[in-house]
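Try each one before you read its solution.

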Amino acid sequence: MKKLFNGISFMIGLSLILAACSLPGPGDVSSEDAAATAEAGSLVTVDLAGPSMAVGSKYPYVDGTILVAVPGGSFLMGHDQKDNPIHEVTLSDFWIYSTKVTNTQYAACVQAGICTPPDLENNPTFGSYRHINFPVTGVNHTQAGAYCAFVKGRLPSEAEWEKTARGPEGNIFPWGDEAPVCDLLNFDFCKSETSAVNDYDKGVSYYSAFDMAGNAREWVADWYSLTYYSESPAEDPLGPEFGEKRSVRGSSYQDGQDAVMPSNRFALDPEENLSDLGFRCVIEDPMHFAPMCEVLGYVGTGPNGEEADCTPTVMCNDVSISQNPLCTRNYFPYTIVTVNLGDTPPDGWTYDVPGCSAVPGEQTATKDKFSCLPGAVGPATAQGSCVELESCVSTCPMYYTKVGDACVWDGGGTSGTACLPGHTYDPLTQCCSAVPGAGVDFGLCPVGTYPFNGACIANPNAVVDSAVQDIEFLGCTPPPDGGGDDDGDDDTPGCQPPANGCPMSGEQWNPATCSCYCPAGPTACG
């Protein structure tokens, strides 16, 4: 059984860029001049200050992530470890991803031809719809760096990563000094795999970054040296100039309590990858990219990652198809195809087994059987449905206004002019729109939400289920001795076609059901 919308391909294939904007951006002119400018079809722009660099400041970024501000200043790094002694470090301002890079974000980079796919042995769920907001794993250091470059960023230095995780006072854990428990992070097999990147809002760091402990380890920029932090510069340390291994920070869902302190340092050959190793990016200029002209509204998660007042509840049913290839007693092949509906409500479903005849008395509200002969058109198909048990009103990200089902940029928040590959910048409207016919659209739902029915929702299970199967037949060859059934003849007693053929023109005899049927449909023969 396979999904109608299949994971990452659904996220990439679904166009979340609806149309080019028609709203002008802000102008540094009077209202009269602005009206004249609009009539003239040109636009006078201003430089915007952008988001403030202060603790708690957040900014929605071009790939759907939320950036968090880490203001410059000193912090306590290290924790009485040989390769990371306690010492004071001063860093400049920087913006960092509040979450690890997700499968769907990385898939957009692969679709654009910039990134290479992850190692599917270490990320077998890369194409799974349920895992689109899980951290991308199975990528080496070069692949991680390529994604950050794709969004005009870079991997964080070890010092930047540790400050984001521990805050200016050097907390033992991201959330403080309280011992780790499964409500705070995904560790020690609290879950049997990685989890969505913003599942653990109780365990965020001082700067509101998720998963700075647990879930998946993270590549950082530095080469690894056991002695570097005994002799590193006090300001903006970047790691050794050369090395054999790259540094790895954080911990994974497999690690126990002793390994989850974010002051721990690890290292790995930069060409290797792991099933529990991902990354996040640092962005030098959050206003580099222009906004998308239109994105879908979303529900379930607020523009800065906070919980919304309403979470939608959607129930979908499952459908399945099973087959039982058989032979008649005179070695004629036929197949019984059964379509099933599960998990009701909802009750609505559709199915089709073209070229086959319904088995009398076998149809119910949740099951139907068909008898198929060789030459059946096929394939057998079935599709379920979904019902929304609780609906929510969709809202828009910061600097967007809701217009119908779309969120239209209001002209604020950025002075950037760059667009992701597959999109072009419109100097009149000052936003990015998809190039018609380019075939490259990027999922722009905020991290933690999923596109569904014209909105981004928090429920990843709201996917219509479908199944498709080609009809299979046995090779019903008589045995070499020509033997037949137990009574010594080669026919099927009591199941013979009418002596003068089927009564209606175009009908055929079905030896499996001992009846005539119309292959073109019940009303096509006569």
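## Disulfides and a sheet

The structure holds seven disulfides, a disulfide being a pair of cysteine sulfur atoms within 2.5 Å. We're working with a predicted model, so local features need pLDDT of at least 70 and side-chain atom pairs count only at pLDDT 80 or more, while totals for chains, interfaces and linings use all residues. Residues are numbered from 1 along each chain as its sequence is written, and side-chain values use heavy atoms, with hydrogens and water left out.

**Exercise 1.** Work out the handedness of the link between Cys109 and Cys115, and decide whether its two cysteines are buried or exposed.

*Solution.* 
- Step one: the sulfur atoms of Cys109 and Cys115 sit 2.0 Å apart, and a disulfide joins them.
- Step two: the torsion about their S-S bond is about 75°, so this disulfide is right-handed.
- Step three: Cys109 and Cys115 are both buried (buried means under 20% relative accessible area, exposed over 50%, partly exposed in between, with a 1.4 Å probe and protein chains only).

**Exercise 2.** Do likewise for Cys182 and Cys190.

*Solution.* 
- Step one: here the S to S distance is 1.9 Å.
- Step two: a torsion of about -75° about the S-S bond makes the disulfide of Cys182 and Cys190 left-handed.
- Step three: Cys182 has a relative accessible area of 41%, so it's partly exposed. Cys190 comes out at 26%, so it counts as partly exposed too.

**Exercise 3.** Find which parts of the chain the disulfide of Cys356 and Cys372 links.

*Solution.* 
- Step one: the two sulfur atoms lie 2.0 Å apart, and with 115° about the S-S bond the link is right-handed.
- Step two: this pair ties together distant parts of the chain, 16 residues apart: Cys356 is in the loop between strand 17 (350-352) and strand 18, and Cys372 is in strand 19. Strands (E, at least two residues) are DSSP runs, numbered from the N terminus.
- Step three: Cys356 is buried because its relative accessible area is 13%; Cys372 is buried as well, at 0%.

Conventions: Helix = DSSP H or I, 4+ residues; strand = E, 2+ residues; numbered from the N terminus.
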